[in-house]
Amino acid sequence: MKIKFKSLGIFLLLAILLSSCVPRRLDKLKMKKAREDFDKEGLILQDGSFYPDKITEFDVDTYLKWYESLGQAPKLQLSKAQKPKALTKEEMVEDFNYLFNQLKENFPFFEVLKRDRKIDFLGNYDKYLSMVKKSENDEDFIKTISLILEDLNNDHTGLKDRDYVEATLEYFSKNFTSPSIYYEFLNLNRQVVRNRYGLSGIQSQRDTFPLDRRRAIFEKIENPNLEFEKVKEDIGLLRIKKMAGSEKYTEDLKVLRDFLKDKHLYKALVIDIRGNSGGNTEYWKDFLLPKLLTRPKKVRNNLFFKKSNKAKMIFADDRLNVEEISNVDISSLKLDHREDLKNFDLYMKDTISVSPDSSDSLYGYEGSIYLLVDGGVYSAAEGFANFMKHTNSATLIGEESGGDGITLGVINAVMPNSGLVFTYTNTLGYDPLGKINYEDPTSPDIESNSYRDSIMTIEKLMESKTSRP
């Protein structure tokens, strides 16, 4: 009897093991078969599908030629994510060197770091390499890389978490018209990335549209994103948490239109973007300001880039008009620290224009606008603050912003062995006054260190306007 129960137990154990192992083995066999098929048939299989890992076999010119040959985004072969294998010391060093070289070829603020923080990042290569070699496991390596990147003092640059990678894939899946964004979409769908973050990957969506690289930070936005409140009898306030994507336009538009219906009741409008770390430039450029402004506004910024493979891919997008610095006369431009430009090769005149949305009968606010800012205002939110100041569209009250808002956004890159995703900016952005926006963020017109003081200041300003003859 005992022998029968023992046999039955062994049988059940084998059944369980087989039931769990067989699917994994089948999945591995499918993945191997897909790779073999690609080796035989080339980049695109007969059924029109593509294996994202093949992206590593492209140089820039080959990729751009291949991209141009595509009539539509191919279906991706996305095998099931596996547990990432532990990195060897050699793989850690290789990943670090890949990251370091990417930054060396593209990152724009090394001279600013030397001036402002006395950090010679490129000169610290041996120090950083020694730190990496001391890493004992993946966790140590990730902590070390994060520590190294802290020296850059740039919120656009760093290792990214699972939520970011997943949100970026979702956003980029809507785009097939930008070669650089589509490249990053394929790169983030690679097996090594999906293994690292435990992701299934995502297919390109059928209905796609042009996207702007200026969406820099992908965060989940808690409801509500846009809030309105009456601060005083004749002062209204709009509070914006993030420069959101189009998924928030519908609910934010309801809040905005509710204010515009009663705009005649308010002599002043306060827009509070304190702590707004950015998001999507289109939020304020194409959504918010066309509803609030009563006349067109425009600024001109000047952007500079290093010539690199990444830059070549980005500027293959014909919507971006970039030129060789050697072919452009920039001598008349007022530019601080012009000596920094010796390290740059490409120039782009960046004109940002906003026109009132006259198709909306409620558009336009004629009263005074005040913008509350602080050190937490960054990236796309900083771009908004800078635009409002230099077009005289609002009086800025508060503290100096966080900066780095005059940019094309971020580049998403992947370390080859670990699959870790990191981002960085490649834009040296000058504002209309010729200041490097990262180094000299937007300063307020009136300094204030608290919300209460800011509102009291606005009240006094309104009283002085009312008392004028």
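These legends accompany close-up views of a predicted model.

Local features need pLDDT of at least 70 and side-chain atom pairs pLDDT 80 or more, while totals for chains, interfaces and linings use all residues. Residues are numbered from 1 along each chain as its sequence is written, and side-chain values use heavy atoms, without hydrogens or water.

**View 1. The protein chain as a whole.** The chain holds 14 helices and 15 strands (DSSP runs, numbered from the N terminus: helices are H or I with at least four residues, strands E with at least two). Of its 469 residues, 50% are buried (under 20% relative accessible area; exposed is over 50%, partly exposed in between; 1.4 Å probe, protein chains only). Among contacts (heavy atoms within 4.5 Å) with a separation of 6 or more, 80% join residues 24 or more positions apart.

**View 2. An aromatic cluster around Phe176 and Tyr182.** Phe50, Phe58, Tyr63, Trp66, Tyr67, Phe176, Tyr182, Tyr183 and Phe185 form one aromatic cluster. The whole structure has 34 aromatic pairs (ring centres of Phe, Tyr or Trp, the last by its six-membered ring, within 6.5 Å; planes under 30 degrees apart are stacked, over 60 edge-to-face, the rest tilted). The ring centres of Phe176 and Tyr182 lie 4.9 Å apart with planes at 90°, so this pair is edge-to-face. Phe176 is buried at 14% relative accessibility. Tyr182 is buried at 0%.

**View 3. Two lysines over rings.** The charged end of Lys160 sits over the ring of Tyr164, 4.7 Å from its centre. Lys306 places its charged end over the ring of Phe344, 5.7 Å from the centre. The criterion is NZ of Lys or CZ of Arg within 6 Å of the ring centre and within 35 degrees of the ring normal.

**View 4. Ile145 in the largest nonpolar core.** This core has 80 residues; Tyr63, Leu103, Ile145, Tyr182 and Phe304 touch the most other members. A nonpolar core is a set of buried Ala, Val, Leu, Ile, Met, Phe, Trp, Tyr and Cys residues joined through side-chain atoms within 4.5 Å. Leaving aside residues up to four places away in sequence, Ile145 touches Phe96, Leu99, Val132, Leu159 and Met415. A second, separate core of 36 residues includes Leu226, Leu269, Ala381 and Leu396.

**View 5. Helix H13, residues 380-390.** Of the 11 residues in H13, 9 are buried, so the helix is largely enclosed by the rest of the structure. Among the buried residues are Glu382, Phe384, Asn386 and Phe387. Their cover includes helix H11 (281-292) and strands E6 (268-272) and E7 (297-305). Asn392 follows H13 with a positive phi, near 55°.
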